[in-house]
Amino acid sequence: MTQIAEVLELEKERRQHGQGGIYSRPNGRWQIAFYDRSGRKIRETYKTYDKAEKALNKRLAQVDAGVLETETRVKIDSLADSYLLYAKNSKPKSADWIAMMWNVHLKPFFSGRMAGRITTDLIAEYIAQRLDKCIKPSTVNRELQVFHAMFKQATQSTPPKIQHVPVFPPRLEEGAPRSGFLRAEGYNKLMETCKSRVLRAIIATAYTYGLRKGELLKLRVKQLDFESKTIHLFTGETKSGEGRTVGMTQEVLDLLTACAKDKQPNDPVFTWPSGKPVKDFRGSWEALTKATGLPDLLLHDFRRTAARNLVRAGVDRDTARRITGHKTDSIFSRYNIVAEDDLIEAARKLEKARKA
């Protein structure tokens with residue numbers, strides 16, 4: 001019996017079942033094999049038998065203590081594919097946004113790297129690169145939120161694809177949320193300047209009810225009831241997942257009637273003159289806001305404006321919240337921000353009360 005065979009025989013007798021093993025390789029190296037707590041078999045190779053034995057004992061102790069730290073050979077792309085599938089099944093409304101975050105921003109930097117080699121310093125390098133491109137801290141935070149979720153989901157799969165989630169740097173400090181409103185004169189100027197029938201209809205509907213961009217562009221003719229003058233947002237097609245109905249003002253009724261003319265129930269309400277559905281209008285919007293002297297105006301500002309206008313018009317808060325589609329009163333209150341004009345008007349009322 002050779003010396004190697006004798007060593008292996010002694011090793012076989014000494015180690016009990018479940019305690020791993022040491023095996024000789026054709027290249028003269030030694031390989032250890034053992035199982036982690038999830039039942040996954042792990043193999044590592046060393047130059048000498050002594051180093052392999054020490055490593056195996058260390059790994060087994062780590063398994064017993066629940067602190068096993070082994071470098072996974074799984075690439076970050078695999079984690080991304082798994083998480084995108086999870087998002088498609090569990091978060092269908094956010095799946096496209098999550099896929100965009102990975103494919104457009106995260107993938108160019110992290111693709112091809114081993115998941116076990118993603119370190120805090122590497123993530124910090126990504127942050128610095130994004131900030132150097134003048135990307136807003138809030139945007140970088142959303143990107144890292146998706147990246148962190150990929151790791152967390154991978155640790156919770158069966159068996160786990162990775163053993164731990166890397167430590168992420170602290171969240172970047174974000175600026176204060178937008179608090180601008182579109183006053184009536186600004187809205188009138190937009191409507192007077194806009195020559196596109198479909199864009200006028202989108203602006204009027206968003207300004208009046210504070211509907212989200214996605215809710216607007218997904219509207220189908222069958223959701224418009226011109227007889228009862230109502231717009232129906234179906235359950236499952238809104239961000240909150242809850243359906244709602246709003247009544248049309250005469251302005252909105254006239255504009256939507258023109259948009260829906262000669263269309264079938266399943267046709268989109270908003271289409272370009274070519275007949276193609278409106279999916280994006282950033283170019284038209286940018287040109288319009290510049291022409292009206294409102295270059296910083298966002299369509300999302302209309303949600304804030306609608307919330308304030310409804311309350312100022314005397315609509316009770318619960319009804320106003322249902323119209324805008326805010327799920328909780330706290331979120332609605334954040335949008336129903338007091339404008340400077342309201343503060344001035346409050347001072348006038350105080351002055352009037354004192355004189356009386």
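## Structural report on a predicted protein chain

Val165 touches His148, Phe151, Lys152 and Thr155 when residues up to four places away in sequence are not counted; contact here means heavy atoms within 4.5 Å. The model is predicted: local features need pLDDT of at least 70, side-chain atom pairs count only at pLDDT 80 or more, and totals for chains, interfaces and linings use all residues. Residues are numbered from 1 along each chain as its sequence is written, and side-chain values use heavy atoms, with hydrogens and water left out.

Val165 is found in the loop between H6 and H7. Its relative accessible area of 26% makes Val165 partly exposed, since buried means under 20% relative accessible area, exposed over 50%, and partly exposed in between (1.4 Å probe, protein chains only). The C-alpha atoms of Val165 and Thr119 are separated by 9.6 Å, although the two residues are 46 apart along the chain.

**Overall composition**

The secondary structure of the protein chain comes to 15 helices and six strands. Helices (H or I, at least four residues) and strands (E, at least two) are DSSP runs, numbered from the N terminus. Of the 356 residues in the protein chain, 38% are buried. The chain exposes about 21400 Å², and carbon and sulfur atoms supply 51% of this area. Accessible areas come from the Shrake-Rupley method with a 1.4 Å probe; for residues, only the protein chains shown count as cover. Among contacts between residues at least 6 apart in sequence, 58% join residues at least 24 apart.

**Nonpolar cores and a surface patch**

A nonpolar core is a set of buried Ala, Val, Leu, Ile, Met, Phe, Trp, Tyr and Cys residues joined through side-chain atoms within 4.5 Å. The largest such core has 42 residues, of which Ile231, Leu256, Phe270 and Phe302 touch the most other members. At least two residues of this core come from each of helix H7 (184-193), helix H8 (197-209), helix H9 (213-217), strand E5 (230-233), helix H10 (250-260), helix H11 (282-291), helix H12 (301-312) and helix H13 (317-324). H8 gives the most to this core, with nine residues. Leaving aside neighbours within four places in sequence, Phe302 is in contact with Leu182, Leu190, Ile203, Ala206, Tyr207, Gly210, Trp285 and Leu297. Apart from this core lies another, of 27 residues, with Phe109, Ile127, Ala149 and Phe168 among them.

On the surface, Trp97, Met100 and Val104 form a nonpolar patch with about 260 Å² of accessible area together. Patches are made of residues with over 30% relative accessible area and no salt bridge: like charges are joined within 9 Å, nonpolar side chains (Val, Leu, Ile, Met, Phe, Trp, Tyr) within 5 Å. Val104 is found in helix H4 (residues 92-110) and is partly exposed, with a relative accessible area of 49%.

**The three-stranded sheet**

An open sheet of three strands has the order E4-E5-E6, with antiparallel pairing. Its edge strands are strand E4 (224-225) and strand E6 (244-247), each of which pairs on one side only. Two strands pair if DSSP finds at least two bridges between them, and E4 and E5 pair in the antiparallel sense over two bridges. Asp225 stands opposite Thr230 in E5.

**Salt bridges**

A search of the whole structure finds ten salt bridges, a salt bridge being a side-chain nitrogen of Lys or Arg within 4 Å of a carboxyl oxygen of Asp or Glu. Three of these pairs are listed below.

| Pair | Closest N and O atoms |
|---|---|
| Arg59 and Glu44 | 2.9 Å |
| Arg142 and Glu174 | 2.9 Å |

Arg142 lies in helix H6 (residues 137-155) and Glu174 in the loop between H6 and H7, 32 residues apart. Arg142 counts as partly exposed at 25% relative accessibility, and Glu174 counts as partly exposed at 32%. Arg142, Arg171 and Glu174 are linked in a network of salt bridges.

Arg244 in strand E6 and Glu215 in helix H9 are 29 residues apart. Arg244 counts as buried because its relative accessibility is 10%, and Glu215 counts as buried because its relative accessibility is 5%.
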